[in-house]
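Let's walk through this model together, one question at a time.

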Amino acid sequence: MPHISHYVIILWLIIGASVGAMDLLYPDRCYYQPMINDGKPVDKQSGVCLYYIHDPMCSWCWAFQPAWKALRSLLPGSIPVRYLLGGLAPDSDTPMPDAMQQTIRAHWRRIEQVVPGTLFNYDFWEQCTPRRSTWPACRAVIAARAQDAQAEEGMICRIGEAYYRDARNPSDDAVLIDCALALGLDGERFRHDLHAPETRLQLTAETELARKMGVTGFPSLILERDSGLMPMPVDYRDAGTMLAAILRG
C-alpha cells in the first residue's frame, strides 16, 4: 500500500488548482490509489491521469459500472486510471430512519428509469437492517488492494453484487469478509486490515484528496494534466462521449 506521503505530495501539487463547476448530469446522484490500466503500457512521463472517484455502496456508481467498463476498454494506454474512495457515509450502528429508507428506495427506482438495464433487489429493505454507513465498504476496498492491487476492482464488484443483487448489507463486516474470501484473499489478514489504523488513515487521505479536487458527487471523473485538473462528464449510457471529452482535455 502506498505510503501516506504519496498523497501529501499530490495534495500539495493540487492546492490552488481550480476544478471549476462540476457538470452534474444527474444532480441527485451520490455525494474515493493505486494505478491500473488493464495491462496496457503506461507512459508515466505523460503527465496525464484519470481519477475515478466513487463509493462502493453508491447506487449511481452501481449504475455506472457498464459505461465505466466500456470507457476503460477504450482508453489509450497513455492515460492511466487511479481509483479514489470518496467515503459517502461514516461508521454507524444506528438503523436508518424510515424516511431515509424511503428516499433511497425512490433513488433506486429513478436510477432504474434513467439508466436502462440497472436493477436493484428491493428485498434488501426487508431482509437487512439498513445503516447509513459506507466507510466499512470503503475500507474493504483498501484492505483488498493491500493484499493484491488487482483485487481492488473485484472487491468493488463483489460489494455491489452483495448489496444490490443479493440483498446483503456491506455495512456488516461478515458480508465484507465473505466478499474477500470469494476473491481468494487471505481472510485473517483481510479481517485485520479492515480495521487497521493504516487502513483508516488511507481512507482519510483519499477522501481529503477528493474534497481538495472539488468533487461533490459520485461517481466523478477528474482528468489531471500538467496544466491542472479538469472535471469530465459522466455519461451513464455512452462511453464514447466520455472518451471524446477526455481526449480533448
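Q: How many residues lie between β4 and β5 in the hairpin that they form?
A: Strands here are DSSP runs of E of at least two residues, helices are runs of H or I of at least four residues, and both are numbered from the N terminus. By that count, β4 covers residues 220-225 and β5 covers residues 228-232. The hairpin they form has between its strands 2 residues.

Q: In which sense do strands β4 and β5 pair, and which residue of β5 is the bridge partner of L223?
A: Two strands pair if DSSP finds at least two bridges between them. For β4 and β5 there are 5 bridges, and the sense is antiparallel. Within β5, the bridge partner of L223 is M230.

Q: Before going further, what kind of model is this, and what pLDDT do side-chain atom pairs need?
A: This is a predicted model, in which local features need pLDDT of at least 70 while totals for chains, interfaces and linings use all residues, and side-chain atom pairs count only at pLDDT 80 or more. Residues are numbered from 1 along each chain as its sequence is written, and side-chain values use heavy atoms, with hydrogens and water left out.

Q: How many helices and strands does the chain have, and what share of its residues is buried?
A: The chain has 10 helices and 5 strands. Buried means under 20% relative accessible area, exposed means over 50%, and partly exposed lies in between, with a 1.4 Å probe and protein chains only. Of the 249 residues in the chain, the buried share is 52%.

Q: What part of the accessible surface belongs to carbon and sulfur atoms?
A: Accessible areas come from the Shrake-Rupley method with a 1.4 Å probe, and for residues only the protein chains shown count as cover. The surface of the chain comes to about 11300 Å², and the part that belongs to carbon and sulfur atoms is 54%.

Q: Is A63 buried or exposed, and which residues does it touch?
A: A63 is found in helix α2. Its relative accessible area is 2%, so A63 is buried. In space, A63 and R237 are 9.7 Å apart, C-alpha to C-alpha, although 174 residues apart in sequence. Contact means heavy atoms within 4.5 Å, and, not counting residues up to four places away in sequence, A63 touches I111, V115, T118 and Y236.

Q: Why does T199 count as buried, and what does it touch?
A: T199 has its place in helix α9, residues 197-212. It counts as buried because its relative accessibility is 3%. Leaving aside residues up to four places away in sequence, T199 touches R139, I142, D193 and L194.

Q: How far apart are the closest N and O atoms in the salt bridge of E152 with R145?
A: Side chains of opposite charge can pair when their charged atoms come close. A salt bridge is a side-chain nitrogen of Lys or Arg within 4 Å of a carboxyl oxygen of Asp or Glu, and the structure holds 12 of them. E152 and R145 are both buried, and in their salt bridge the closest N and O atoms are apart by 2.8 Å.

Q: Why are E188 and R191 separated by about one helical turn, and what is the N to O value of their salt bridge?
A: The two residues are separated by about one helical turn because E188 and R191 are 3 residues apart in helix α8, residues 187-194. E188 is exposed, with a relative accessible area of 55%, whereas R191 is partly exposed at 45%. Their side chains meet in a salt bridge with an N to O value of 3.9 Å.

Q: How many degrees lie between the planes of the aromatic pair Y52 and W68?
A: Rings of Phe, Tyr and Trp (its six-membered ring) pair if their centres lie within 6.5 Å; planes under 30 degrees apart count as stacked, over 60 as edge-to-face and the rest as tilted. The structure holds 18 aromatic pairs. Y52 and W68 form a stacked one, 4.4 Å centre to centre, with an angle between the planes of 15 degrees.

Q: Which elements hold Y52 and W68?
A: Both residues of this pair, Y52 and W68, are buried. They are 16 residues apart, and the pair links distant parts of the chain: Y52 lies in strand β2 (residues 49-54) and W68 in helix α2 (residues 59-74).
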